[in-house]
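Subject: Structure handover and notes

Dear colleague,

I am handing over the structure below, together with notes on what was found in it. Please keep it open beside this message while you read, so that you can look up each place as it comes.

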Amino acid sequence: MTDLSRRHFLRRGAALGASLGLGGCFDELADRDNPVRATLAGANDLTYAAQRALLDHDALAREYPASAIRQPMRPNGSTSPRDPDYLNHLVSGFETWRLPVSGLVDRPESFSLADLASMPARTQITRHDCVEGWSCIAQWTGVPLRLVLDRVGARPEARFVVFRCFDTMEWSPTGPVKYYESVDLWAARHPQTILAYGMNGGPLPVANGAPLRVRIELQLGYKMAKYLQAIDVTDTLEPYGLGEGGYWEDRGYEWYAGI
Ligand SMILES: Nc1nc2c(c(=O)[nH]1)N[C@H]1C(S)=C(S)[C@@H](COP(=O)(O)O)O[C@H]1N2
Ligand SMILES: [Mo]
């Protein structure tokens, strides 16, 4: 399949999803023969270059009306981190939680939730597609990541933004293996890429990543790191995890998870 016909197929898949009347989460995709599922699986073949060629910053992921929101947003992966530093923040209502944004930046800064909430906000109702084959529509509110990158002064040589998370996925002989993710600066600066502190009109629930998670609406669910602990601006992914750019990427998933 050429990239263009694959793109066409993707659009058909999205339309099919919409025509099923999916006002929220659905599990029809659990059916291995479902074409939407094939679309999601095939999305991993959409190369980075192909999507970049077809999309520019004005191309947005589809946004939905409020009537499409599913309450609550179906949680997945870590839903209740037991890590002591996370639990300390949780019991104190994230009062002293700060998000350090550092690395290849001119003005490293640690942001409190109040700092982030005082910056211009964006609210969007989008469909989250998990690679496992389910989707869920929710409303997200947060600060565009590009505003944060501009404030810290991301340097021109920066290539990636790495999201480091509180939650331990497993233990290795050298200690806890924490969830992490990364995107390139293009995706980081996309208008719908936000650091979300709000969901469906309320604060972000713990199950969905409190106090802060990223939304990257043109990519699959596993890119959308929850329980953010720190953000690094970098020119290499090598020092993180096994070097593939994310917890799941280190275990074989595609780094560029376009939908
Ligand atoms: N820190 C962290 N982020 C994560 C995960 C996780 O286990 N830990 N799971 C990912 C996956 S696979 C999905 S589908 C989404 C689920 O987000 P939700 O719980 O809001 O549905 O979070 C992603 N981000
Ligand atoms: Mo997922």
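Please bear in mind throughout that this is a predicted model. I begin with ligand 1, which is surrounded by 22 residues, and the closest of these are Arg 74, Asn 76, Ser 78, Asp 167 and Lys 226. When the residues of this shell are sorted by kind, 12 are nonpolar, six are polar and four are charged. Two strands, strand 3 (122-130) and strand 5 (160-172), each supply at least two residues of the shell, and strand 5 gives the largest share, with three residues.

Some of the atoms around the ligand can be paired up in detail. A nitrogen atom of ligand 1 is 2.7 Å from an N or O atom in the side chain of Asp 167, and a nitrogen atom of the ligand is also found 3.0 Å from a polar backbone atom of Met 224. On the side of oxygen, an oxygen atom of ligand 1 is 2.6 Å from an N or O atom in the side chain of Lys 226. Taken on its own, ligand 1 has 530 Å² of accessible area, and the protein covers 98% of it.

The next topic is the aromatic rings. A search of the whole structure finds nine aromatic pairs. One of them is formed by Tyr 247 and Trp 248, whose rings are 5.0 Å apart from centre to centre with 80° between the planes, an arrangement that is edge-to-face. Are these two residues buried or exposed? Tyr 247 counts as buried because its relative accessible area is 6%, which is under the 20% cut-off, whereas Trp 248, with a relative accessible area of 29%, is partly exposed. Both residues also belong to one aromatic cluster, which is formed by Tyr 179, Tyr 222, Tyr 247, Trp 248 and Tyr 253.

The peptide bond from Gln 71 to Pro 72 is cis, with omega near -15°, and Pro 72 is found in the loop between helix 3 (48-54) and helix 4 (84-91). Ala 210 and Pro 211 are likewise joined by a cis peptide bond, for which omega is about 5°, and Pro 211 lies in the loop between strand 8 (202-203) and strand 9 (213-215).

Which residues have a positive phi although they are not glycines? One is Asn 200, with a phi of about 50°, which is found in the loop between strand 7 (194-199) and strand 8 and counts as buried at 14% relative accessibility. Another is Tyr 227, also with a phi of about 50°, whose place is in the loop between strand 9 and strand 10 (228-234). Tyr 227 counts as buried too, since its relative accessibility is 0%.

Ser 112 is buried, with a relative accessible area of 11%, and, if its neighbours within four places in sequence are left aside, Ser 112 is in contact with Trp 97 and Arg 98.

With best wishes

Methods: Residues are numbered from 1 along each chain as its sequence is written. Chains are lettered from A and ligands numbered from 1 in the order in which they are written. This is a predicted model: local features need pLDDT of at least 70, side-chain atom pairs count only at pLDDT 80 or more; totals for chains, interfaces and linings use all residues. Side-chain values use heavy atoms; hydrogens and water are left out. A residue is near a molecule or strand if one of its heavy atoms lies within 4 Å of it. A polar contact is a pair of N or O atoms within 3.5 Å; within protein, one must be able to donate a hydrogen and the other to accept it, and residues adjacent in sequence count only if both atoms are side-chain atoms. Accessible areas come from the Shrake-Rupley method with a 1.4 Å probe; for residues, only the protein chains shown count as cover. Helices (H or I, at least four residues) and strands (E, at least two) are DSSP runs, numbered from the N terminus. Ala, Val, Leu, Ile, Met, Phe, Trp, Tyr, Cys and Pro count as nonpolar, Asp, Glu, Lys and Arg as charged, and the others, Gly among them, as polar. Rings of Phe, Tyr and Trp (its six-membered ring) pair if their centres lie within 6.5 Å; planes under 30 degrees apart count as stacked, over 60 as edge-to-face and the rest as tilted. Buried means under 20% relative accessible area, exposed over 50%, partly exposed in between (1.4 Å probe, protein chains only). Contact means heavy atoms within 4.5 Å.
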